[in-house]
Amino acid sequence: MEHLTKSVPISLPQEIVTRVLSLTLLGFFQVIFIVLGAVFIYFCVVFYYKRYIKGLPKNSEERRNIETSMRLVLTFTKVGIIVVTTLLILQVLRINLTPILGFLSLLIVGLVFALQDTFKNFVSGLLGLNQLKIRIGDI
């Protein structure tokens, strides 16, 4: 009988499944609300982009530059919404996020220091896309 009373460590996926199955009705509605809020935010960004781009001429250089920048913004928006939504859902499931957030913080700090020059060049390139172009005969 002793072997039945011993506590066996539960792996993270098994713990998540256990918590999902024991989710209350309030927790379920919180998860639904979080997901719907994330979808709403994404569609607001897309709507703003489409509305802004509609007023520009079809084959203009400014429109191409803005489309390139907005594709990048939409990609970052998607990734950010997915990460935040996942963290909020894990919090509703009462999973301890401290180790996960600590690891992500250290990972981001390491990446920022390692890719510092790349980020500088990337941002200056984005800013250069939206600036006026120099053409032959301007100088």
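The model is predicted, so to speak of local features takes pLDDT of at least 70, side-chain atom pairs count only at pLDDT 80 or more, and totals for chains, interfaces and linings use all residues. Residues are numbered from 1 along each chain as its sequence is written, and side-chain values use heavy atoms, with hydrogens and water left out.

Start with helix α3 (residues 25-54) and helix α4 (residues 61-92), which pack at an angle of about 175 degrees with their axes 10 Å apart. Helices here are DSSP runs of H or I with at least four residues, numbered from the N terminus; axes are lines fitted to C-alpha atoms over the stretch in contact, and angles run from 0 to 180 degrees between N-to-C directions. So α3 is roughly antiparallel to α4 (the label goes to angles over 145 degrees). Sorted by class, their contact has 18 nonpolar, four polar and three charged residues.

Now look at Thr77, which is found in helix α4. Thr77 counts as buried because its relative accessibility is 18% (buried means under 20% relative accessible area, with a 1.4 Å probe and protein chains only). Leaving aside residues up to four places away in sequence, Thr77 touches Tyr42 and Val45, where contact means heavy atoms within 4.5 Å.

Helix α4 also turns up in the lining of the largest pocket: α4 and α5 (98-114) each supply at least two residues.

Methods. Angles under 35 degrees count as roughly parallel, over 145 as roughly antiparallel, 65 to 115 as roughly perpendicular and the rest as oblique. Ala, Val, Leu, Ile, Met, Phe, Trp, Tyr, Cys and Pro count as nonpolar, Asp, Glu, Lys and Arg as charged, and the others, Gly among them, as polar. Buried means under 20% relative accessible area, exposed over 50%, partly exposed in between (1.4 Å probe, protein chains only).
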